[in-house]
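Hello,

Here is the structure I promised to pass on. My notes on its charged pairs follow below.

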Amino acid sequence: MSDLHSINEAINKRAGRKLLPSIGVSLFLVALVWFSLVSYRVIFAGLVTLAVVLGIRELHHALTTTKIEIPLWSLTTSAIALSAAAWFGGVSGLAVATAIAFPCLLVLLLPRGIEGFVSTASASALALVYLPFLAGFLILLARPYNGLERVMTLVVLVGCNDTFGYLTGVLLGKHPLAPKISPKKTIEGLIGSLIFTVIGGSLAFHFIMDSHWWLGALAGVITVFTATSGDLIESALKRDMAIKDMGNLLPGHGGIMDRLDSVLFAAPALWLALEVVRRAQDSGLL
């Protein structure tokens with residue numbers, strides 16, 4: 001037991017995260033997503049909305065350390081509105097809701113005066129697009145009749161990227177990928193993510209989506225690029241604000257945003273890929 005404890009501590013130190021709590025939280029979240037989709041898909045939309053609202057609160061708290069205070073309640077209302085628009089109106093509803101919410105946020109900032117207006121308005125716009133808009137594509141994935149298959153395919157893709165990038169980086173990582181942004185990420189970890197996400201995507205498209213395996217391989221490559229970019233972007237935000245995690249709600253992960261970072265960038269890419277595949281199938285090209 002002491003040897004196992006030592007190994008676990010060594011892994012935690014090298015990866016910068018506690019391994020066992022991280023695995024437990026990940027399994028719980030996957031189960032929660034699966035349950036919501038097999039019962040009533042609208043529950044999943046509600047879970048996404050709740051996660052976005054909590055993420056906005058985390059971002060609001062983090063930004064206060066830089067003396068920027070984004071409008072918490074206005075953004076919370078916008079998040080709920082964008083999620084509802086995505087569920088009931090599809091991609092058009094999400095786009096129109098975002099176009100309406102953005103100027104409304106700016107107008108509501110005017111009573112605060114001109115001091116710090118540019119920084120607050122910019123941060124508010126970032127929060128609106130980064131969280132409720134991008135998360136809207138998770139709802140768009142779940143909206144059709146095969147929403148369960150689409151979302152679980154995303155779970156497989158992002159899970160392979162994060163898990164095998166983590167394991168490969170811990171076991172083999174020697175060359176930093178972006179040392180100034182995320183010192184723990186390595187080129188070896190990225191290669192591991194690429195290999196296993198391509199494999200996972202191929203299997204997911206074949207067995208879950210009942211589609212061509214090579215489409216899943218392409219989706220795997222796209223996911224590695226988008227999910228890793230999302231992770232690095234959130235790391236850049238945290239380093240600029242001089243914080244380690246956005247929150248502490250999820251043991252082993254940090255905050256909600258620390259769990260959403262890669263998903264938020266991967267979801268729109270997968271949604272677009274599936275739309276292209278669907279239209280190609282409808283036109284007889286596939």
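Which side chains meet in a salt bridge at 3.4 Å, N to O? They are R278 and D282. A salt bridge here is a side-chain nitrogen of Lys or Arg within 4 Å of a carboxyl oxygen of Asp or Glu. R278 and D282 sit four residues apart in helix α9, so about one helical turn separates them. R278 is partly exposed, at 35% relative accessibility. D282 is exposed, at 60%. (Buried is under 20% relative accessible area, exposed over 50%, partly exposed in between; 1.4 Å probe, protein chains only.)

Before the rest, the ground rules. This is a predicted model: local features need pLDDT of at least 70, side-chain atom pairs count only at pLDDT 80 or more, and totals for chains, interfaces and linings use all residues. Residues are numbered from 1 along each chain as its sequence is written, and side-chain values use heavy atoms, leaving out hydrogens and water.

The whole structure has six salt bridges. One of them joins K185 to D231, with the closest N and O atoms 2.7 Å apart. That pair links distant parts of the chain: K185 is in strand β2 (residues 182–186), D231 in helix α8 (residues 213–240), 46 residues apart. Helices (H or I, at least four residues) and strands (E, at least two) are DSSP runs, numbered from the N terminus. K185 is partly exposed at 23%. D231 is buried at 18%.

D258 pairs with K238 at 2.9 Å, closest N to O. D258 lies in helix α9 (residues 256–282) and K238 in helix α8, so the bridge ties together parts 20 residues apart in sequence. Both D258 and K238 are buried. A network of salt bridges links E234, K238 and D258.

Best wishes
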